[in-house]
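Me: I am new to this structure and would like to know how its terms are applied. Please show it first.

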Amino acid sequence: MAAASAMAEASSKTTSEEDQRIQEPKEANSTTAQKKRRGLRGSRRRHANRRRDNFGDSFAAYFPQVLKQVHEGLSLSPESVSVMDSMVHDILDRIATEAGRLARYANRVTITSRDIQVAVRLLLPGKMGRLAEAQGTNATLRTSLCAIWQQRK
């Protein structure tokens, strides 16, 4: 009988230890719940649903369209698409970082088209930078004019 009471006592100790282990995460969860109730602050709230550094996953869908405009009948291998996608992500990241720096130097929070333009000129060498700037300016004007025409209709 003494053995049975010792076993019952030991089992009650284990259940009380298990109860404490179960209760500890609940306490931790309650603090996280309080943090969630407070909500995100500032820009973190506005950008909470965006994925970080994703840029819309991939530019792979655009490469065949552009290649078709330039060279009809050519195609890209999956490996070349991956390399091109990495390159576009890298250049986009560099331009965005440099444009952000330029805006910060001017004590502004918003990156303007002028910041992007200067960042492209700084990052891309020589004639390539000038051509990229010209193409970007033309695309911006075309988009703006289309928006104006749609407002008039």
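Reply: Helices (H or I, at least four residues) and strands (E, at least two) are DSSP runs, numbered from the N terminus. This is a predicted model, in which local features need pLDDT of at least 70, side-chain atom pairs count only at pLDDT 80 or more, and totals for chains, interfaces and linings use all residues. Residues are numbered from 1 along each chain as its sequence is written, and side-chain values use heavy atoms, leaving out hydrogens and water.

Me: What makes up the protein chain in these terms?
Reply: The protein chain has 6 helices and 0 strands. Glu133 lies in helix 6 (residues 126–152).

Me: Why does Glu133 count as buried?
Reply: Buried means under 20% relative accessible area, exposed over 50%, partly exposed in between (1.4 Å probe, protein chains only). Glu133 has 18% relative accessibility, so Glu133 counts as buried.

Me: Which residues does Glu133 touch?
Reply: Contact means heavy atoms within 4.5 Å. Leaving aside residues up to four places away in sequence, Glu133 touches Gln117, Val120 and Arg121.

Me: Which residues of helix 5 are buried, and why are they said to be on the same side?
Reply: In helix 5 (residues 113–123), the buried residues are Asp115, Ala119 and Val120. They cover an arc of only 135° around the axis, so they are on the same side of helix 5. The arc is that of the directions from the helix axis to the C-beta atoms.

Me: What covers the buried residues of helix 5?
Reply: The cover includes helix 4 (78–105) and helix 6. The face turned away from the buried side of helix 5 carries the exposed residues Ser113 and Arg114.
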